[in-house]
Amino acid sequence: MENIMNERLKGKIVAITGGAKGNGFATAIRVGKEGASVFIGDIDENGLSKALNKLNKLGITASGTILDVSNISTASEFISAVVKKFGRLDVFINNAGASKPSTFPEVTEEMWDWTMDLNLKGAFFLMQEAAKIMIAQKSGSIINLASIAAVGGLTSSPPYAAAKAGLVNFTVVAAAYLAKYGIRVNAVAPGIVNTDFHDVLDKAVGQDKLGLKKGELMQNAAKAKVPLQRMAEPEDVASIVAFLASSDAAYITSEVIMVTGGQKTV
């Protein structure tokens, strides 16, 4: 394989939800270049196909399937598909997530339920299914993608902040229970990342309300709030996820690593 960084994850089987773009795709590339075989799930069928093609062209062993994380009946199907393809599951990365920007008074029940189903409920039951495989193996690593929104402050989506706070709590709870089986559970909490996650907010507020150019809203936010004066790139997040997936983090569990460039609140 060309461009392998090292073989830190050689022979490992890594499953990633929301793996067709953004942080998930960057992580798939990173762990693949470190020797892992990758199985990605994504709700976007076309995006999934393109992502798998790109991964295979890089020489990464990659497969995947359509996955709607908000539909919990698909959790066992996804994990079963990973095991059917590769025979085991060493690392599960709970990456899929999205939000619908809204102010506190504007949150509807429908918006709340949609956000929780995708970002918290679905993530929990996927963790549960992954853990069943890892318990039998007596080894494994689960990594949840949380958010700086989980730790408080202003947010563009109160339900999303609540969901990610819940995911942080689930990380600690699962880590405590699963430690005796040799399974580590950690979370990574990014700040402002340069992905299309912010496109809805950028359009509604930055472009339509403030008359800014596309992408300028988040660039300005990063300059104002982030000590390192820039947005994170997906690769910044992927490098931390890959570390937690590896034996270099063998004594790390129940932790939340902030990847925020020094930003402390949303």
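This is a predicted model: local features need pLDDT of at least 70, side-chain atom pairs count only at pLDDT 80 or more; totals for chains, interfaces and linings use all residues.

Reader: At what angle do helix α3 and helix α4 pack, and how far apart are their axes?

Author: A helix pair is described by an angle and by a separation of axes. Here α3 (residues 73-86) and α4 (residues 109-137) pack at about 35°, and their axes are 8 Å apart. The crossing of α3 past α4 is right-handed.

Reader: Which residues make the contact?

Author: From α3 the contact uses Ala 75, Ser 76, Phe 78, Ile 79 and Val 83, and from α4 it uses Phe 125, Leu 126, Glu 129, Ala 130 and Ile 133. Sorted by class, this contact of α3 with α4 comprises 8 nonpolar, 1 polar and 1 charged residues.

Reader: What covers the buried residues of α3?

Author: The cover includes the strands β1 (13-17), β2 (37-42), β3 (62-66) and β4 (91-94), together with α4.

Reader: Where are the buried residues of α7 placed around its axis?

Author: In α7 (residues 216-225), Leu 217, Met 218, Ala 221 and Ala 222 are buried. These residues cover an arc of only 135° around the axis, which puts them on the same side of α7. The exposed residues Lys 223 and Ala 224 sit on the face of α7 turned away from its buried side.

Reader: Which residues touch the most other members of the largest nonpolar core?

Author: A core is read through its members and their contacts. The largest nonpolar core has 31 residues, of which Ile 40 and Leu 55 touch the most other members. At least two residues of this core come from each of β1, α1 (22-33), β2, α2 (45-57), β4, β5 (140-145) and α8 (234-245). With 5 residues, α8 gives the most to this core. There is also a second, separate core of 29 residues, and among its members are Ala 15, Leu 118, Ala 130 and Ile 183.

Reader: What is Ile 40 in contact with, its neighbours within four places in sequence left aside?

Author: Its partners include Ile 16, Ala 28, Leu 52, Leu 55 and Phe 78. Phe 78 is also one of the buried residues of α3.

Reader: Where do positive phi values occur in residues other than glycine?

Author: Most residues other than glycine have a negative phi. Lys 138 lies in the loop between α4 and β5, and its relative accessibility of 57% makes it count as exposed. Gln 229 also has a positive phi, near 65°. Gln 229 belongs to the loop between α7 and α8 and is partly exposed, at a relative accessible area of 47%.

Reader: Which glycine takes a positive phi just after α3?

Author: That residue is Gly 87, with a phi of about 90°.

Note on methods. Residues are numbered from 1 along each chain as its sequence is written. Side-chain values use heavy atoms; hydrogens and water are left out. Axes are lines fitted to C-alpha atoms, for helices over the stretch in contact, and angles run from 0 to 180 degrees between N-to-C directions. Helices (H or I, at least four residues) and strands (E, at least two) are DSSP runs, numbered from the N terminus. A crossing is left-handed if the near helix is turned anticlockwise from the far one by less than a right angle, and right-handed if clockwise. Contact means heavy atoms within 4.5 Å. Ala, Val, Leu, Ile, Met, Phe, Trp, Tyr, Cys and Pro count as nonpolar, Asp, Glu, Lys and Arg as charged, and the others, Gly among them, as polar. Buried means under 20% relative accessible area, exposed over 50%, partly exposed in between (1.4 Å probe, protein chains only). A nonpolar core is a set of buried Ala, Val, Leu, Ile, Met, Phe, Trp, Tyr and Cys residues joined through side-chain atoms within 4.5 Å. The arc is that of the directions from the helix axis to the C-beta atoms.
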